[in-house]
Amino acid sequence: MRVAVLRCERLPRFVTWEIDDVEALFDDDRRLIEALRERGVDAEPVVWSAQEVDWNGFDVAVLRSTWDYVDRPAGFVEAMTRIDRSTCTLSNPLAAVAWNLDKRYLDDLARLGVPIVPVVRGTPADAPRLLAAVDRAGWSSLVLKPAVGAGGSGVERADAAGLAAVLRGLPPGVEVLVQPFAPAILDEGELSFVFLGGALSHVLRKRPAAGDFRAHPIYGGTVERADAAADDVAQVAAMLGRLPFELLYARIDVVRFGGRLAVLELELVEPMLYLDRAAGSAGRLADAVISTVRPGRA
């Protein structure tokens with residue numbers, strides 16, 4: 001059995017600052033490869049955009065650290081489509097990946113009955129409509145996100161009075177999401193539920209650095225293992241159960257909003273899974289990868 005663990009060619013362009021230990025960002029990849037090799041699988045890292053790869057030579061291609069897709073999303077979908085058309089199994093599946101690339105998926109989640117942090121969307125040209133929607137909702141503190149992005153790139157915080165100015169400063173055709181800021185991020189933190197092979201593996205609590213609001217390590221945020229209440233686990237498992245995909249992995253990022261857990265982000269493409277925070281998680285992911293092999297391919 002041969003497995004390609006897909007990674008980026010380079011860090012995405014939005015990373016313009018020096019990172020002390022770049023290789024540490026790929027720890028999940030290394031742990032998965034090691035766990036697969038321990039199980040007798042021929043596993044190797046492969047750059048997703050490499051043109052010379054014969055995907056028919058692999059049994060499974062697992063999406064992992066493909067973060068530079070944000071610089072060329074159309075090319076990324078084309079590359080994933082080539083894998084999907086080969087005899088290689090793409091995990092997560094192409095339909096889930098293509099759907100999850102654009103944060104319009106939040107609208108679909110709401111239609112599926114999944115609680116989300118409320119959102120309105122539009123381009124700077126839609127400023128009058130966005131301003132009116134924010135005013136009607138009574139949101140005073142806001143977060144703006146690009147519709148396509150990763151790692152907190154392009155995310156800004158603003159107050160309602162300053163929204164018009166922020167929108168004027170954006171490129172005309174860029175679609176953004178406007179959401180109310182969830183204060184719980186600053187105290188309880190953002191909770192990330194990691195599912196591997198359809199089962200909950202571990203839960204993480206992420207908090208932003210002092211003076212920031214982005215709960216991500218590349219901005220100085222902290223990540224720690226958390227014990228979630230049974231009711232919280234049940235709520236998030238129900239969210240996952242509403243998705244129309246069979247998933248190898250998923251990370252559901254939630255925050256307490258309006259008295260219940262609500263989705264901030266659903267990560268089905270290239271989330272950090274923080275396998276180092278949960279003993280046995282790399283092995284659980286490796287076992288799930290092996291189980292995805294199409295009959296006759298192993």
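The model is predicted.

Start with the overall division.

Now find helix α2, at residues 73-85. It holds 13 residues. From first C-alpha to last it reaches 18 Å, close to the 18 Å expected at 1.5 Å a residue. Which residues of α2 are buried? They are Phe-76, Ala-79, Met-80, Thr-81 and Ile-83. Their cover includes strands β1 (2-7), β3 (60-65) and β4 (89-91), along with helix α3 (94-100).

Six aromatic pairs are counted in the model. One of them joins Phe-26 and Trp-67. This pair is tilted, with 5.2 Å centre to centre and 40° between the planes. It links distant parts of the chain, 41 residues apart. Phe-26 sits in the loop between β1 and α1 (27-38), while Trp-67 sits in the loop between β3 and α2. Why do both count as buried? The cut-off is under 20% relative accessible area. Phe-26 is buried because its relative accessible area is 4%. Trp-67 is buried because its value is 11%.

Ring pairs link Trp-48, Tyr-69 and Phe-76 into a cluster.

Charged side chains also meet rings. Arg-7 lies over the face of Phe-26, at 4.1 Å from the ring centre. Phe-26 is thus the ring under Arg-7 and a partner of Trp-67. Elsewhere, Arg-157 lies over the face of Phe-181, at 3.6 Å from the ring centre.

Last, turn to a pair of strands. Strand β12 covers residues 249-257, and strand β13 covers residues 260-267. The two run antiparallel, joined by seven bridges. In one of these, Arg-256 has Leu-261 of β13 as its bridge partner. Together β12 and β13 form a hairpin, with two residues between them. Gly-258 lies in that turn and has a positive phi of about 65°. How many of the eight residues of β13 are buried? Seven are, so by the cut-off of under 20% the strand is mostly covered.

Terms used: Residues numbered from 1 in each chain as written. Predicted model: local features only at pLDDT ≥ 70, side-chain atom pairs only at ≥ 80, totals over all residues. Heavy atoms only, no water. Helix = DSSP H or I, 4+ residues; strand = E, 2+ residues; numbered from the N terminus. Expected span 1.5 Å × (residues − 1). Buried < 20%, exposed > 50% of the residue type's maximum accessible area, 1.4 Å probe, protein only. Contact = heavy atoms within 4.5 Å. Pairing = 2+ DSSP bridges. Phe/Tyr/Trp six-rings, centres within 6.5 Å; stacked < 30°, edge-to-face > 60°. Lys NZ or Arg CZ within 6 Å of the ring centre and 35° of its normal.
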